[in-house]
Amino acid sequence: MADEKEKQEQKEGELQIPDTLPLLPIRDIVIFPFMIVPLFVGREKSINAVDLALTRERLVFMATQKDISDEEPAPKDLYQTGTVGMVMRMLKLPDGRVKILIQGLSRAVIKEYVREKPGYIVSLEKIKETPMLQPGLEVEAMMRNIREQLEKLASLGRTISPEIMMIIETVNEPGRLADIVAANLGLTVEAAQTILETMDSLKRLEKVNEYLVKELQVANMQAKIQSQAKEEMDKSQREYYLREQMRAIKSELGELEEVTEEIDEIRKKIKKAKMPPDVEKEAVKQADRLEAMHPDAAESAIIRTYLDWLVDLPWSKSTKDTLDIKKAKTVLDEDHYNLEKIKERILEYLAVRKLHQKSKGPILCFVGPPGVGKTSLGRSIARAMGRKFVRISLGGIKDEAEIRGHRRTYVGALPGRIIQGIKQAGTNNPVFMMDEIDKIGTDFRGDPSSALLEVLDPEQNYAFSDHYLNLPFDLSKVMFITTANLLDPIPDALKDRMEVLELTGYTEEEKLEIVKKFIIDRQLAENGLNKQLIGIADDAVKKVISQYTKEAGLRNLEREIASICRKVARKVAEGEKEPTAVTAKTVEEYLGVPKFIPETEQEEDEIGVATGLAWTPVGGEILYVEATTMKGKGSLTLTGHLGDVMKESAHAALSYARSRTKALGLADDFYKELDIHIHVPAGAIPKDGPSAGVTMATALISTLVRIPVSKDVAMTGEITLLGRVLPIGGVKEKALAAMRAKIGTLILPERNKKDIEEIPKAIREKLNFVFVKHMDDVLKIALKKKVKAVKKPLRPLGKRIAAAAR
């Protein structure tokens with residue numbers, strides 16, 4: 001008895017663990033006591049921990065990381081409970097890493113981190129486990145159950161070494177048994193750490209038993225699935241063999257198979273489709289292949305689908321165009337107000353078709369802001385011509401296969417959207433609209449815009465080849481219409497193939513007519529009203545247009561009209577029988593306070609304030625340019641959120657003024673003692689463009705010569721250093737803005753005289769258009785000749801007043 005006690009004390013002395021040990025962070029594994037594992041150590045702190053352990057009885061403390069991807073784990077990133085282990089062997093590898101063989105000895109818990117650099121050293125609380133020399137019946141039963149379940153798990157295919165199975169048979173201590181089983185179950189880090197942190201040996205054994213039961217259930221299910229898969233495979237092979245036998249028997253008996261009837265039906269459809277000779281030859285060839293193929297072969301389904309597409313396409317089916325020009329014009333006028341250029345182009349095409357039956361379809365591109373009626377115009381064109389209408393959206397498309405289709409080798413392959421649209425229309429000459437052509441994307445799957453080059457080229461699309469069909473299809477009879485908000489994003493090669501027609505937006509007067517003729521009637525019908533229940537006055541519509549919407553199109557305007565109709569519909573539904581009259585005064589009751597306040601008119605002629613005109617996507621706007629001078633050192637300040645082009649226009653205006661000092665009555669060095677400030681309200685709105693050059697020059701010269709600018713004159717045009725006035729765009733929109741601001745005279749560049757024809761006649765009669773070639777002409781018109789009151793100017797500007805008065 002004394003000898004056994006002495007041996008026990010000696011053993012405890014051999015396993016005595018210091019209070020502090022180097023910490024070795026490990027990942028993706030939890031090491032249990034009595035477990036021997038090889039580890040590869042590569043991090044600098046970990047290598048330092050191993051080196052330090054070799055100097056301290058080869059002992060090291062191992063704690064598992066919470067996140068395996070963390071290369072530099074902090075103390076909070078490590079579990080507090082770990083295992084003290086002994087480094088049994090170490091081998092330094094050529095790549096700088098270290099391979100160690102380590103054995104777990106006992107559990108321990110980190111009390112505190114004594115040191116963090118160059119490696120962690122931790123103070124430990126050692127966990128002593130009291131061995132259970134004589135386990136009770138319940139514990140013994142649980143241990144036997146665990147051994148049996150582990151054997152079943154091994155029999156179901158789980159890899160457990162025979163040595164482990166032998167060790168388990170000889171272990172009688174519950175805690176140690178639990179550790180050995182847990183180390184060989186392949187548990188997750190979280191589950192294994194839970195077992196490691198369970199200090200009570202009986203509770204630990206219970207948890208291991210629970211995990212073992214779960215793993216056994218999973219293994220049983222895997223075995224069942226594998227068995228079913230094998231049975232299905234055997235069944236398929238058996239069915240294939242029997243089917244081949246049945247086919248041979250039916251062939252001997254001369255019975256007609258269903259496949260033969262299906263093939264005969266396909267052959268009839270091929271003849272009925274009236275395909276071109278090359279296409280019909282390919283279709284017959286594929287039908288012959290299908291007939292010779294086993295019905296259950298994988299490729300037979302692909303050939304069936306391919307033949308279905310071939311026979312369903314309208315190879316020779318066309319609709320007859322309505323060539324009555326007057327009737328077509330009536331249909332277009334019924335659906336859309338104004339848009340004379342586009343209507344004229346469609347009628348021209350119908351006239352050519354009437355005279356030349358084989359003329360190719362035009363490829364039009366409608367460009368304009370949202371809501372101006374590009375898509376609905378396509379429907380009207382189809383109705384006017386008596387053709388089918390197909391629409392696809394190209395916005396966001398990045399895959400070339402969306403246009404050309406997928407090759408039949410791919411699973412789930414289909415033709416491109418062009419061929420799909422033709423099949424949907426059921427004719428080979430529909431009106432085919434492709435929306436948002438300016439929003440096509442590009443990535444590694446190809447460039448859809450390049451694929452469209454063949455589709456939209458009349459010289460090539462008579463033999464358009466879709467990757468799926470791999471046969472030519474004639475698209476020359478199709479009338480393609482594309483739409484875009486902007487021209488710039490469209491590639492030049494694609495733009496060159498289309499006839500561009502711009503829809504610049506509607507004027508206030510045009511919007512009023514459209515609301516009266518189309519929108520009000522449509523919204524009354526959609527909201528269950530009629531003209532006996534509601535009347536919307538013209539002044540109310542004008543107020544909605546100018547103060548509740550700010551757009552080139554009509555979408556928001558229709559929403560506001562719909563909002564008024566809904567509120568009136570509610571009144572009617574609540575029992576009100578009196579008709580509702582909506583006027584300019586009552587609009588705010590239905591729509592709330594105005595969202596947009598129009599620019600106020602100038603009350604009087606002012607020095608240094610000129611009225612310019614700007615183009616925006618939602619129409620024209622007036623733009624006031626203010627200029628002032630003060631004592632200084634010759635600096636030029638520009639404010640109002642101006643872009644680079646407008647800033648350059650301001651510098652050009654100043655250079656022009658300096659070059660014309662004698663003509664303007666200014667001193668040659670006037671700018672040296674002056675600071676000039678040019679401002680364009682409102683400062684929060686970004687502004688850019690060249691057309692403000694003449695306006696900036698006029699405002700600047702006005703403040704220099706102290707002569708006011710006429711408030712009844714608006715101007716637009718680009719200026720050069722020599723004072724030449726260059727042409728600009730957006731004349732129609734700018735003229736409308738001038739008319740809304742009640743301006744009588746509009747100064748335009750001489751080379752914009754041709755654009756006046758685009759302005760409606762009613763507006764041309766209300767405005768006085770003055771065309772100029774030079775900045776001197778602008779000043780003669782814009783600056784007042786007589787000065788009612790001139791304040792005493794700052795020197796050295798005194799000399800110029802007399803000259804300006806002359």
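This note walks through some features of the structure above, point by point.

1. **Before you start.** This is a predicted model, in which local features need pLDDT of at least 70, side-chain atom pairs count only at pLDDT 80 or more, and totals for chains, interfaces and linings use all residues. Residues are numbered from 1 along each chain as its sequence is written, and side-chain values use heavy atoms, with hydrogens and water left out.

2. **A residue in helix α7.** Let us begin with N209, which sits in helix α7 (residues 201-253). Helices here are DSSP runs of H or I with at least four residues, strands are runs of E with at least two, and both are numbered from the N terminus. Is N209 buried or exposed? With a relative accessible area of 16%, N209 is buried; the word means under 20% relative accessible area, while exposed means over 50% and partly exposed lies in between (1.4 Å probe, protein chains only). Setting aside neighbours within four places in sequence, N209 is in contact with N145, I146 and Q149, where contact means heavy atoms within 4.5 Å.

3. **Helices α3 and α4.** Two packed helices are described by the angle between their axes and the distance between the axes. The axes of α3 (residues 137-155) and α4 (residues 162-170) come within 10 Å and cross at roughly 165 degrees. That makes α3 roughly antiparallel to α4. Axes are lines fitted to C-alpha atoms, for helices over the stretch in contact, and angles run from 0 to 180 degrees between N-to-C directions. Angles under 35 degrees count as roughly parallel, over 145 as roughly antiparallel, 65 to 115 as roughly perpendicular and the rest as oblique. The crossing of α3 and α4 is left-handed, a term for a near helix turned anticlockwise from the far one by less than a right angle; clockwise gives right-handed. On the α3 side the contact is made by R147, L150 and E151, and on the α4 side by M165, I168 and E169. By class, this contact has 3 nonpolar, no polar and 3 charged residues. Ala, Val, Leu, Ile, Met, Phe, Trp, Tyr, Cys and Pro count as nonpolar, Asp, Glu, Lys and Arg as charged, and the others, Gly among them, as polar.

4. **A parallel sheet.** In what order do the strands of the open sheet run? The 5 strands follow the order β8-β9-β12-β7-β13, with parallel pairing; two strands pair if DSSP finds at least two bridges between them. At the edges are β8 (389-393) and β13 (499-502), each pairing on one side only. Neighbouring strands are turned by 20 degrees against each other on average, direction ignored. Strands β9 (residues 431-435) and β12 (residues 479-484) pair in the parallel sense over 4 bridges, and M433 has I481 as its bridge partner in β12.

5. **Helices on the sheet.** Helix α13 (residues 374-385) lies across β7 (363-367), β8, β9 and β12, running at about 175 degrees to β9. Helix α15 (residues 417-425) also packs on the sheet, touching β8 and β9, and its direction makes about 150 degrees with that of β8.

6. E502 is found in β13 and is exposed, with a relative accessible area of 56%. Not counting residues up to four places away in sequence, E502 touches V367 and L487. E502 and S155 are 347 residues apart in sequence and 78 Å apart in space, C-alpha to C-alpha.

7. **Helices α18 and α19.** Here α18 (residues 508-526) and α19 (residues 538-547) pack at an angle of about 125 degrees, with their axes 10 Å apart. The two are therefore oblique to each other, and α18 passes α19 in a right-handed crossing. E508, K511, L512, V515 and K516 in α18 meet D538, V541, K542, I545 and S546 in α19. This contact has 4 nonpolar, 1 polar and 5 charged residues.

8. **Backbone details to look up.** A cis peptide bond joins K117 and P118, with omega about -5 degrees; P118 lies in the loop between β5 (98-115) and β6 (121-126). K274 has a phi near 55 degrees, a positive value in a residue other than glycine, and is exposed, with a relative accessible area of 61%.

9. **Helix α25.** How many of the 10 residues of α25 (residues 731-740) are buried? The helix is mostly covered, with 9 of them buried, including V731 and M739. Just after α25, K742 takes a positive phi of about 60 degrees.
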